[in-house]
Amino acid sequence: MGGFWPVPEVLTYLAGSWRVERSVRDLASGDTGHFSGTTVFGPWDGEGLLHQESGTFTWQGVTRPAERTLRFLPGTSPAETEVRFADGRYFHDLDLASGHHVTDHPCAADLYRGEFTVLDEHHWRTVWRVGGPAKDLVLTTAYAREAPDGSHGD
């Protein structure tokens, strides 16, 4: 897999179920964690997609359930989407026309910088670098499309 895989219609590309593996590294302490689960991008209110992620997160030897919900709304072109938190607050933009996008999200005194890379029709990844007075993290997430029977779309 070399280079980026352009996505002309981001909501069409994302729709469906994805296997998720995420590593979390605290660069200050050296601690590491791992999330494993599923993200489903399903219809939401007639436009856009509802992103529902669920699985388990292990941090400092403790494993617990974890979940999050985001909204992916149509952007100004089919390759673009506006990502919002479950409560409707703006999170970030996303333009995958080239298969690669970098975006920022300021959160209080911290800055989240996300890099999105589409590898092919069944694989994409994100790398979030979080920096601020209390945070120094790198979160790397690999997504693999699941086939309708629940197997990986490899």
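**Pocket, sheet and ring pairs**

Mentor: The lining of the largest pocket in this predicted model divides into 10 nonpolar residues, 1 polar residue and 4 charged residues.

Trainee: How much space lies in the largest pocket, and which residues are the closest to its centre?

Mentor: The largest pocket holds about 430 Å³ of space. Of its 15 lining residues, Arg-22, Glu-53, Arg-68, Tyr-112 and Leu-139 are the closest to the centre.

Trainee: Which strands each supply at least two residues of this lining, and which one gives the most?

Mentor: At least two lining residues come from each of strand S1 (16-26), strand S3 (49-59), strand S4 (62-74) and strand S10 (136-145). Of the strands, S4 gives the most, with 4 residues.

Trainee: In what order do the 10 strands of the open sheet stand?

Mentor: The order is S6-S5-S4-S3-S2-S1-S10-S9-S8-S7, and the pairing is antiparallel.

Trainee: Why are strand S6 and strand S7 said to stand at the edges?

Mentor: Strand S6 (90-95) and strand S7 (100-107) each have a single partner strand, so one side of each has no neighbour in the sheet. On average, with direction ignored, neighbouring strands of this sheet are turned by 20 degrees against each other.

Trainee: How do you know that S3 and S4 pair?

Mentor: Two strands pair if there are at least two bridges between them. S3 and S4, which run antiparallel, are joined by 11 bridges, so they meet the criterion. Within this region, Thr-58 stands opposite Thr-63 in S4.

Trainee: What makes S5 a partner of both S4 and S6?

Mentor: S5 has 5 bridges with S4 and 5 with S6, and both pairings are antiparallel. Leu-73 has Glu-82 in S5 as its bridge partner, while Arg-84 has Tyr-90 in S6. A hairpin of 5 residues joins S4 to S5. The hairpin of S5 and S6 has 4 residues between the strands, and there Gly-88 takes a positive phi near 100 degrees.

Trainee: Which residues form the covered face of strand S5, and which the uncovered one?

Mentor: Thr-81, Val-83 and Phe-85 make up the covered face, whereas Glu-80, Glu-82 and Arg-84 make up the uncovered one.

Trainee: How many aromatic pairs does the whole structure hold, and why is the pair of Phe-41 and Trp-124 called tilted?

Mentor: A search of the whole structure gives 11 aromatic pairs. The ring centres of Phe-41 and Trp-124 are 6.5 Å apart and their planes stand at 50 degrees. Planes under 30 degrees apart count as stacked and over 60 as edge-to-face, the rest as tilted, so this pair is tilted. The pair links distant parts of the chain, with Phe-41 in strand S2 (residues 32-43) and Trp-124 in strand S9 (residues 123-131), 83 residues apart. Both Phe-41 and Trp-124 are buried.

Trainee: Why is the pair of Phe-91 and Trp-128 called stacked?

Mentor: The planes of Phe-91 and Trp-128 are at 10 degrees, with the ring centres 5.5 Å apart. That angle is under 30 degrees, so the pair is stacked. Phe-91 in strand S6 and Trp-128 in strand S9 lie 37 residues apart, and this pair too links distant parts of the chain. Phe-91 and Trp-128 are buried.

Trainee: Which residues do ring pairs link into a cluster?

Mentor: The cluster consists of Trp-5, Tyr-13, Trp-18, Phe-41, Phe-72, Trp-124 and Tyr-143.

Trainee: What makes a space a cavity rather than a pocket?

Mentor: In a cavity a 1.4 Å probe fits but cannot get out, whereas a pocket is open. The structure holds 1 cavity of 30 Å³ or more, and the largest cavity has about 100 Å³ of space. Its lining includes Phe-91, Trp-124 and Trp-128, and it divides into 8 nonpolar, 3 polar and 1 charged.

Trainee: Why is Val-40 called partly exposed?

Mentor: Val-40, in strand S2, has a relative accessible area of 36%. Buried means under 20% and exposed over 50%, so Val-40 falls in between and is partly exposed.

Key
Residues are numbered from 1 along each chain as its sequence is written. This is a predicted model: local features need pLDDT of at least 70, side-chain atom pairs count only at pLDDT 80 or more; totals for chains, interfaces and linings use all residues. Side-chain values use heavy atoms; hydrogens and water are left out. On a 1 Å grid over the protein atoms alone, a cavity is a set of points where a 1.4 Å probe fits but cannot get out, and a pocket is an open set with protein on both sides within 12 Å along at least five of seven lines; lining residues have an atom within 4 Å of a point. Grid points are joined across faces, edges and corners, and a volume is the space filled by probe spheres set on the points. Ala, Val, Leu, Ile, Met, Phe, Trp, Tyr, Cys and Pro count as nonpolar, Asp, Glu, Lys and Arg as charged, and the others, Gly among them, as polar. Axes are lines fitted to C-alpha atoms, for helices over the stretch in contact, and angles run from 0 to 180 degrees between N-to-C directions. Rings of Phe, Tyr and Trp (its six-membered ring) pair if their centres lie within 6.5 Å; planes under 30 degrees apart count as stacked, over 60 as edge-to-face and the rest as tilted. Buried means under 20% relative accessible area, exposed over 50%, partly exposed in between (1.4 Å probe, protein chains only).
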